[in-house]
Amino acid sequence: MQAAPSQAELLYKNFKIIKEKLKSQTKNAIMEKYGNAAAQEELPKELLWGQTERQVEYDRAGRIIKGLETSLPKSKYEEDIYINNHRSVWGSWWKDHQWGYKCCKQTIRNSYCTGAAGIEAAEAVADLMKANIDRKAASEGKSSYLSIFRACFFDIIL
């Protein structure tokens, strides 16, 4: 059955010894690097039970007066930072399938805020554009879309 039983037994014993040495070296390296949390003494009971010496004072409504300062959670994005004199963020206004700034109704991103004067100027330009389209249509003898709409609308009402 076995050709050399004593030699096989000897090799097996050597293998077991080398395996134990390697296992103990690995364990010692890990303990040296990270420490042994299981062997440390127990934590203080104040920490385990969550008791501290910190005192907190409350008013009659239940709000904190003194003691425990609450911190706001931090976001990875910058908040409440407005660029180019704007008072709102990009995307706070939507018109004609375009995003813009709510404060000045600009649809051009990173543009300078013109405020109420810019809104009035944009409305004046739009009114002037409509008047020019009507005048051009009248001079060519064609009806503009706006005049056709008005005529149809007033025919329905009357």
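**Group meeting: surface charges and patches in a predicted model**

At 32% relative accessibility, Glu57 counts as partly exposed. The cut-offs: buried is under 20% relative accessible area, exposed is over 50%, and partly exposed is in between, with a 1.4 Å probe and protein chains only. Glu57 pairs with Lys66 in a salt bridge, and the closest N and O atoms are 3.7 Å apart. A salt bridge here means a side-chain nitrogen of Lys or Arg within 4 Å of a carboxyl oxygen of Asp or Glu. Lys66 counts as exposed, because its relative accessibility is 54%.

Some ground rules. This is a predicted model, so local features need pLDDT of at least 70 and side-chain atom pairs count only at pLDDT 80 or more, while totals for chains, interfaces and linings use all residues. Residues are numbered from 1 along each chain as its sequence is written, and side-chain values use heavy atoms, with hydrogens and water left out.

How many salt bridges does a search of the whole structure find? Two. Arg63 is exposed, because its relative accessible area is 55%. Asp59 is partly exposed, at 26%.

Now the fold. The chain has four helices and four strands. From the N terminus, the order is α-α-β-β-β-β-α-α. Helices (H or I, at least four residues) and strands (E, at least two) are DSSP runs, numbered from the N terminus. Of the 158 residues in the chain, 9% are buried.

How confident is the predictor? pLDDT is its confidence in each residue, from 0 to 100. The chain's mean is 81, and 82% of its residues reach 70 or more. Among the elements, helix H1, residues 5–34, has the highest mean pLDDT, at 92. Helix H4, residues 145–157, has the lowest, at 62.

On to the patches. Patch residues have over 30% relative accessible area and no salt bridge; like charges are joined within 9 Å, and nonpolar side chains (Val, Leu, Ile, Met, Phe, Trp, Tyr) within 5 Å. Lys16, Lys19, Lys23 and Lys27 form a positive surface patch. Lys and Arg count as positive, and the charge of Lys is placed at NZ. Lys27 lies in helix H1. Lys27 is exposed, because its relative accessibility is 54%.

Which residues make the nonpolar surface patch? Leu43, Leu48 and Trp49, covering about 380 Å². Areas come from the Shrake-Rupley method with a 1.4 Å probe. Trp49 lies in helix H2, residues 45–49. At 59% relative accessibility, Trp49 is exposed.

Methods. pLDDT = per-residue confidence, 0-100.
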